[in-house]
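Here's a quick walk through a predicted model. Have the structure open in your viewer and follow along.

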Amino acid sequence: DVALFAAGVALFVGSWLAPMPLAASLYLSTILGLMLARQNLRPLKLNLGGLAAPLLSSLVILLTLGIFVLQGRRALAETYMVKGATIGASNLSTAEAYLAKAVRLDPRNDSYLRILTEARRGLLRQKLATTPQEQAEAMLPELRELTDQTLASARRATELAPKNSANWIM
């Protein structure tokens, strides 16, 4: 029984902390709940008195709120990423803004950075193609800044997941 509970706790913590889709995390957490309910486990058989019970309850509530905040950020980041990817080439500046928000909310997700890099590359190509020759000098600082941002997001994606070959193709 204790081994099952330990495996369930490891599954729960790993599923919520590892970068995976929110649906998979919810699925694994549901499996954990069903495992514990089937075994009718009571993991904490403590006789707490005085201030210990309220302190333990407060700690559990804070931990739960912390998990909700972290997962809420990941879910919101995924929403922004889907919006940015859906908009795509039809409006690259708006797509880039949504993808940048997704990266700010979940900065450890290399796929968001990879998609942001592709959007910035497309935006850079679009600006280069639409800029008249007479205004090229005036646009040079903006183009340099966009190029630097594109390179920075590509480098960050390869730093986060150096073994992901998709990050090196950009």
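A quick term before we start: a crossing is called left-handed if the near helix is turned anticlockwise from the far one by less than a right angle, and right-handed if the turn is clockwise.

## The overall layout

This chain is helices and no strands: seven of the former, zero of the latter. Reading from the N terminus, the order is α-α-α-α-α-α-α.

Of the 170 residues in the chain, 27% are buried. If you look at contacts with a separation of 6 or more, 57% of them come from residues 24 or more positions apart.

## How α4 and α5 meet

Now zoom in on helix α4 (residues 92-105) and helix α5 (residues 110-130). Their axes come within 9 Å and cross at roughly 155°. Since angles over 145 degrees count as roughly antiparallel, α4 is therefore roughly antiparallel to α5. As for handedness, α4 passes α5 in a left-handed crossing.

Which residues make the contact? On the α4 side you'll find L92, S93, E96, L99, A100, A102 and V103. On the α5 side there are Y112, L113, I115, L116, A119, R120, G122, L123 and Q126.

Leaving out residues up to four places away in sequence, A102 touches A77, Y80, M81 and Y112. A102 also belongs to the α4 side of the contact with α5.

## The loop in between

Between α4 and α5 there is a loop, and N109 sits in it. Is N109 buried or exposed? At 15% relative accessibility, N109 counts as buried, because the cut-off for buried is under 20%.

Where does L160 come in? L160 is 51 residues from N109 along the chain, yet the C-alpha atoms of the two are separated by 7.5 Å.

Definitions and conventions
Residues numbered from 1 in each chain as written. Predicted model: local features only at pLDDT ≥ 70, side-chain atom pairs only at ≥ 80, totals over all residues. Heavy atoms only, no water. Axes fitted to C-alpha atoms, helices over the stretch in contact; angles between N-to-C directions. Helix = DSSP H or I, 4+ residues; strand = E, 2+ residues; numbered from the N terminus. Parallel < 35°, antiparallel > 145°, perpendicular 65-115°, else oblique. Contact = heavy atoms within 4.5 Å. Buried < 20%, exposed > 50% of the residue type's maximum accessible area, 1.4 Å probe, protein only.
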